[in-house]
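Please keep the structure in view while reading.

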Amino acid sequence: MRRESTGKVPVTKPAFDVVAIAASAGGLNATGKVLEALPEGFPAPIVIVQHLDRRHRSLIAEILARHTRLRVKQAEEGEPLKAATIYFAKPDRHLLVNADDTLSLTQTELVHFVRPSADLMFESVAASHRERAIAVVLTGTGSDGAMGVQAIKKMGGTVIAQDKASAEYFGMPGAAIQTGSVDFTLPLSEIPAALVTLVMKGEVE
């Protein structure tokens with residue numbers, strides 16, 4: 001059942017400007033569990049790359065909207081980022097975050113055989129928001145995101161990866177962890193609380 005919004009979103013100055021989440025196989029379920037535990041007033045925008053078959057119409061908005069109090073929408077070219085809003089990449093389009101807090105969609109070449117690419121999204125977030133960016137790598141096969149989390153870390157941002165015990169597929173989070181750039185390796189159930197604490201309080205115990 002979709003959660004009803006009261007329409008009242010408290011204004012909070014976030015400690016981070018953007019949260020970028022990447023997932024592949026098993027990712028819709030994992031992403032839904034993260035989003036459903038975030039409060040209505042979560043004060044940062046969230047951008048998501050979820051690997052899907054580009055031949056199929058994306059139902060991400062409909063699926064994720066059932067799990068969250070936040071607004072969920074497909075990203076549009078040039079769209080400004082807004083707090084308490086979740087933006088996901090269109091099928092077969094890379095999703096990039098710009099320094100002026102707008103989104104770009106590109107159909108440049110595949111990265112690690114996928115489009116959208118977690119690496120490109122993370123690298124754009126690292127360049128545009130530096131130490132005020134959080135990258136989250138959830139369940140998925142392959143290694144997409146591993147280069148991107150290194151860019152996030154190099155620019156002073158924070159990286160979270162799902163742990164092996166809770167990941168349906170450990171390829172993507174495992175590759176990220178192996179880079180040495182992950183700050184927090186957490187069970188899926190603990191990732192929402194870490195995001196709330198980081199973004200709304202600026203620290204994690």
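**The sheet, its helices and its cores**

Ile46 has Ile86 in strand 4 as its bridge partner. That pair belongs to the parallel pairing of strand 2 with strand 4, which runs over three bridges. The model is a predicted one, with a mean pLDDT of 89 for the chain and 87% of the residues at 70 or more. Residues 1-11 have pLDDT below 50, and this stretch makes 15 contacts in the model beyond near neighbours in sequence.

Strand 4 also pairs with strand 3, again in the parallel sense, over four bridges. Here Lys73 stands opposite Tyr87 of strand 4. In a regular strand, side chains alternate between the two faces of the sheet. In strand 4, Thr85 and Tyr87 point one way while Ile86 and Phe88 point the other way, and all are buried.

These pairings are part of an open sheet of seven strands, in the order 3-4-2-1-7-8-9, with parallel pairing. Strand 3 and strand 9 each have a single partner strand, so they stand at the edges and one side of each is left without a neighbour in the sheet. On average, neighbouring strands of this sheet are turned by 20° against each other, direction ignored. Further along the order, strand 7 and strand 8 pair in the parallel sense over four bridges, and Ala135 has Val159 in strand 8 as its bridge partner.

Helix 3, residues 118-129, lies across strand 1, strand 2 and strand 7 and runs at about 165° to strand 1. In helix 1, the buried residues are Gly27, Ala30, Thr31, Gly32, Val34 and Leu35. Their cover includes strand 1, strand 2, helix 2, strand 4, strand 8 and helix 6.

Helix 5 spans residues 171-178, and Met172, Pro173, Gly174, Ala175 and Ala176 are buried in it. These buried residues pack against strand 1, strand 7, helix 4 and strand 8. After helix 5 comes Gly180, with a positive phi near 80°.

In soluble globular proteins, nonpolar side chains tend to be buried together. The largest nonpolar core in this model has 31 residues, and Ile46 and Leu195 are those with the most contacts inside it. Two or more residues come from each of strand 1, helix 1 (27-36), strand 2 (46-50), helix 2 (60-65), strand 4, strand 7 and helix 6 (191-201). Helix 6 gives the most, with five residues. What does Leu195 touch, not counting residues up to four places away in sequence? Its contacts are Val19, Val34, Leu38, Phe42, Ile134, Val136, Ile160 and Met200. A second, separate core has 28 residues, including Val18, Val49, Val97 and Ala161.

Side chains of opposite charge can pair when their charged atoms come close. The count of salt bridges comes to four. Glu79 forms one of them with Lys73, the closest N and O atoms being 2.8 Å apart. Are these two residues buried or exposed? The cut-off for buried is under 20% relative accessible area. Glu79 is at 13% relative accessibility and therefore counts as buried; Lys73, at 14%, also counts as buried.

Another salt bridge joins Glu76 and Lys90, with the closest N and O atoms 3.4 Å apart. Glu76 lies in the loop between strand 3 and strand 4, and Lys90 in the loop between strand 4 and strand 5, so the pair ties together parts that are 14 residues apart in sequence. Glu76 is partly exposed at 35% relative accessibility, and Lys90 is partly exposed with a relative accessible area of 23%.

Asp183 and Lys153 form a salt bridge in which the closest N and O atoms are 2.3 Å apart. This pair links distant parts of the chain, 30 residues apart: Asp183 is in the loop between helix 5 and strand 9, and Lys153 is in helix 4. Asp183 counts as partly exposed at 30% relative accessibility, as does Lys153 at 35%.

Conventions: Residues numbered from 1 in each chain as written. Heavy atoms only, no water. Buried < 20%, exposed > 50% of the residue type's maximum accessible area, 1.4 Å probe, protein only. Contact = heavy atoms within 4.5 Å. Salt bridge = Lys/Arg side-chain N within 4 Å of Asp/Glu carboxyl O. pLDDT = per-residue confidence, 0-100. Core = buried A, V, L, I, M, F, W, Y, C linked by side-chain atoms within 4.5 Å. Pairing = 2+ DSSP bridges. Axes fitted to C-alpha atoms, helices over the stretch in contact; angles between N-to-C directions.
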